Amino acid sequence: MKKIFFAVMLLLTLEIYSQDKGFGMGIILGEPTGLSLKGWISPTSAIDAGLAWSFVNEGSLHIHVDYLYHMFSVINVSSGKMPLYVGVGGRLKIKDKKHNPDNRFGIRVPFGFAYMFSGA
């Protein structure tokens with residue numbers, strides 16, 4: 001099941017491009033590994049979501065949804081855009097019931113910088 005999940009993620013993300021409007025999809029590499037989705041709801045606001053699988057400690061499904069606000073005027077670059085983003089959201093971790101039924105919910109406060117290529 002884990003191998004099928006990983007293969008489907010790779011197939012769904014073969015031709016994905018950076019964008020600052022509409023809807024985008026990408027991959028999450030590392031621990032956990034999965035799919036990321038981002039939908040712009042205004043020129044500065046977006047909803048970010050992720051669905052990922054952890055391969056550590058008998059495995060678990062990770063789901064997160066965040067509201068992100070982008071500040072485009074904080075850093076000026078000669079080409080493209082580099083917004084600072086901040087947000088708030090939630091995370092759900094669902095463990096394999098057979099091995100460990102300890103599911104968890106948490107609050108997320110994502111922040112960082114993103115580089116958006118010109119013409120993307």
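Visitor: In this predicted model, where is the place of proline 32?

Guide: The model under discussion is predicted. Two strands, E1 and E2, have a loop between them. Proline 32 has its place in that loop, between E1 and E2.

Visitor: Is the peptide bond from glutamate 31 to proline 32 cis or trans?

Guide: The omega angle of the bond that joins glutamate 31 to proline 32 is near 5°. The form of this peptide bond is cis.

Visitor: Which residue takes a positive phi in the hairpin of E1 and E2?

Guide: E1 covers residues 23–28 and pairs with E2 in the antiparallel sense over 6 bridges. The hairpin of these two has 4 residues between the strands. A positive phi, near 115°, is taken there by glycine 30.

Visitor: What is the bridge partner of phenylalanine 23 in E2?

Guide: Strands E1 and E2 are antiparallel partners. For phenylalanine 23, the bridge partner in E2 is glycine 39.

Visitor: Why is strand E2 described as largely enclosed by the rest of the structure?

Guide: Strand E2 spans residues 33–40, a run of 8 residues. A residue is buried if its relative accessible area is under 20%. E2 is largely enclosed because the buried residues among its 8 number 6.

Visitor: How many bridges pair E2 with strand E3?

Guide: E2 and E3 form a hairpin, with 4 residues between them. One of the bridges joins lysine 38 to aspartate 48 in E3. E3 covers residues 45–54, and its antiparallel pairing with E2 runs over 8 bridges.

Visitor: Which side chain of opposite charge is nearest to lysine 93?

Guide: Lysine 93 lies in strand E5, residues 84–95. Leaving aside neighbours within four places in sequence, its contacts include Ser60, His62 and Asn103. Lysine 93 is buried and has no salt bridge. At 7.2 Å, the nearest side chain of opposite charge is that of glutamate 31.

Visitor: What residues meet in a salt bridge?

Guide: The count of salt bridges comes to 1. Its N to O distance is 2.8 Å, and the side chains that meet are those of aspartate 66 and arginine 108.

Visitor: How many residues apart in sequence are the parts that this pair ties together?

Guide: Aspartate 66 belongs to strand E4, residues 60–71, and arginine 108 to strand E6, residues 104–108. The pair therefore ties together parts whose separation in sequence is 42 residues.

Visitor: Is arginine 108 buried or partly exposed?

Guide: Aspartate 66, at 1% relative accessibility, counts as buried. The relative accessible area of arginine 108 is 25%. Arginine 108 is therefore partly exposed.

Terms used
Residues are numbered from 1 along each chain as its sequence is written. This is a predicted model: local features need pLDDT of at least 70, side-chain atom pairs count only at pLDDT 80 or more; totals for chains, interfaces and linings use all residues. Side-chain values use heavy atoms; hydrogens and water are left out. Buried means under 20% relative accessible area, exposed over 50%, partly exposed in between (1.4 Å probe, protein chains only). Two strands pair if DSSP finds at least two bridges between them. Lys and Arg count as positive and Asp and Glu as negative; His and the chain ends are not counted. A salt bridge is a side-chain nitrogen of Lys or Arg within 4 Å of a carboxyl oxygen of Asp or Glu. Contact means heavy atoms within 4.5 Å.
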